[in-house]
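Dear colleague,

I am handing over the structure we spoke about, and I would be grateful if you could look through it alongside the notes that follow.

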Amino acid sequence: MNRKFKHAPASPKLPVLMHGADYNPDQWLHDPAVLEEDIRLMKLAGCNVMAVGIFAWTALEPEEGRFEFGWMDRLLDTFAENGIYAWLATPSGARPAWMSEKYPEVLRTGPNRVRNLHGLRHNHCYSSPVYRDKVNIMNTRLAERYSSHPAVIGWHISNEYGGECHCSYCQDAFREWLKEKYGTLDALNKAWWAAFWSHTYTSWEQVESPAPHGESMVHGQNLDWHRFVTHQTTDFYLAEIAPLKAVNSELPCTANLMDLFYDLDYRVLAKALDVISWDAYPMWHKEASDVGMATWFGFNHDIFRTLKQKPFLLMESTPSLTNWQSVSKLKRPGMHRLSSLQAIAHGSDSVQYFQWRKSRGSSEKFHGAVVDHVGHEHTRVFRDVAELGEELASLSELVGTSVPAEAAILFDWDNRWAVNDAQGPRNSGLHYEQTVVQHYRALWEQGVPVDVIGSDDPLDGYKLLVLPMTYLLRQDAGERIEAFVRAGGTVAMTYWSGVVDEHDLCRLDGFPGPLRAAAGIWAEEIEGLHDGESNEAVMQPGNPLGLEGSYRIHELCELIHTEGAETLAAYGQDFYAGRPMLTLNRFGEGKVYYLAARVADNAFYDAYYGALVREAGVRRALEAELPSGVTAQLRTDGEKDYVFLLNFSGEAAEVKLQEQGLTLLPSGESVPDTVALEANEALLLQRRARS
Ligand code: GLA
Ligand code: ZN
């Protein structure tokens, strides 16, 4: 892998950590004093960037063909005079009412084939020629007017792309995409196993998108529909940026993404983006300890960094609370800084918020903002934001630094879609995503930097590869993983892997299919356990990982046969007793561990991955005893390492260091052997880079 330690900043105009918010002055055009006051407050809060115009289509084109750019001119000029930069949005995320009225085809059609009325946002058709045309006209105007504006650092394309449309344009596009992919109906029928329930198609016109009152059970079709939606959304994005790139190809484009978003394969969309950005809204303080939340969001940060193997932007986060979660809790003291530095620690080069100023009306009027309804700076939230702004301004050296991960977790969107669509072995809760994060958590607890990769990503450079429930595993991906092991890599895989191919057709060569030889096992049967049912994993005496005792198994158990692998743990109960539950196969220069059941306790994963990390010599961010809930994360420029100590345990904690030569940032003081952290505290340490 071609690893770069230091990357260029997202914009050469602003080579510092970005700090700012979504800004909607289009809601305040009736009161020009607001903009003036906002500029004063932005400077006071240490903000250097705003995302503007995201939902401003009506303000920019109040009537078809009549454009109003005066307010945007004034806004951007005022920004430029005051050293504030802008991610300028294309406004396609919400349409003016005149457009829906005149051209109903721009509205989205649901899976039930009913077209939406005008309203809400994020509800346009991605295929409609009229909508694409209107977007093209608007984006061309914006590009011609603002591409060279000194305040503009890049394009914020639309907003949180998502959803699907089932109109006749989209059906046609789906059929075209299928023709391109399969060539013949015969190939499509084979890939979709269409003989089942007599589903064989005899003309392309018979093929439709999945529907609640039509076809929904053909797994291959469902999978292809997901892929098509990704394709069509990416195609729409490409149509959006074409006029922008035509005017100024240098300005970077980003689209704000969402955590573990289901609808789109972000690895496909990411290829078309210049910069990855995403919107993170953790529900802090939902439980006594924030570890579950922190690991979920740490995992997401790691995905977004890995998408391009370079820093991303935190485009949105709330400075205080949201108003759409089931319960809206305020951030406790320290949490704003901790949560923001968590993003930086995992590779973000920005901390940006939704939103700068609270709306006065409508559905987000109670969503947290830097500036509250009261309108001044004397609030707890404003102080938190301003203090962070000051700190971020002192950390410019972090911009562009990388995260040198030697461990990777495989997470493919098509596996996710297929495993969740599978019907069996546990429809009452398969918990795929939670399982992936349960494995991740054990690495997080040890402060191991982790990449979250897809099947097409290169594997060289990693020492440990984790494959949790890699149910859909392409033959070629399996072969590359096998080669990784042969060359000395360690793989930790689980039950329900290597079951189907890229068409969601079951493998006929014995599970885990392409990894059967490398794993040295054959998985014969799998069963789901009811809630409350359990089995037991009994560690075998003298096992090479030094694991001890027994752990509770729940939810999923596989019956496997060793075919060369040795047994490290066996089942303890039921007719399973004595059968292998955790195995090790030495293969080539490397090793494959196979976990045949879902262990309930985190303690097992801590012990298991602790041993694997030690044995495979995987880099940790910091040599230290990290108490539970405290993680260490690492960024480096190849000369200096930046180590973030983040305490999400909900209580005060102590970290005993097992290495020397660290100093505190920004003070430069040397770090004591035992570091004390308050609840919700983050510390930033620095040392000479370790190779
Ligand atoms: C999303 C959207 C924003 C806003 C926030 C509220 O991330 O992009 O426009 O609605 O949610 O949390
Ligand atoms: Zn459509």
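**Metal site and cavities**

In this predicted model, the four donor atoms around the zinc ion (ligand 2) subtend angles of 104 to 114 degrees, and the arrangement is therefore tetrahedral, given that four donors count as such if all angles lie between 85 and 135 degrees. The protein donors are the SG atoms of C125, C165, C167 and C170, which lie 2.3 to 2.4 Å from the zinc ion. Along the chain, these donors follow the spacing C-x39-C-x1-C-x2-C.

C125 belongs to the loop between α4 (97-102) and α5 (129-146), while C165 belongs to the loop between β4 (152-156) and α6 (168-182), so the pair ties together parts that are 40 residues apart in sequence. C125 is buried, its relative accessible area being 0%, and C165, with a relative accessibility of 3%, counts as buried because the limit for that class is under 20%.

Turning to the cavities, the structure holds three of 30 Å³ or more. The largest has a volume of about 110 Å³, and of the 16 residues that line this cavity, the closest to its centre are A280, P282, L314, S317 and S339. Both α10 (291-308) and α11 (335-345) supply at least two residues each to the lining of the largest cavity, and α11 provides the largest share, namely five residues. Sorted by class, the lining of the largest cavity comprises eight nonpolar residues, seven polar ones and one charged one.

The second largest cavity, for its part, has a volume of about 60 Å³.

With best regards

How values were computed: Residues numbered from 1 in each chain as written. Chains lettered and ligands numbered in written order. Predicted model: local features only at pLDDT ≥ 70, side-chain atom pairs only at ≥ 80, totals over all residues. Heavy atoms only, no water. Donors = N, O, S within 2.8 Å, 3.2 Å for Na, K, Ca; no water. Tetrahedral: all angles 85-135°; square planar, octahedral: opposite > 155°, others 65-115°. Helix = DSSP H or I, 4+ residues; strand = E, 2+ residues; numbered from the N terminus. Buried < 20%, exposed > 50% of the residue type's maximum accessible area, 1.4 Å probe, protein only. 1 Å grid on protein atoms, 1.4 Å probe; cavity = no way out; pocket = protein on both sides within 12 Å on 5 of 7 lines; lining within 4 Å. Points joined across faces, edges and corners; volume = space filled by probe spheres on them. Nonpolar A, V, L, I, M, F, W, Y, C, P; charged D, E, K, R; others polar.
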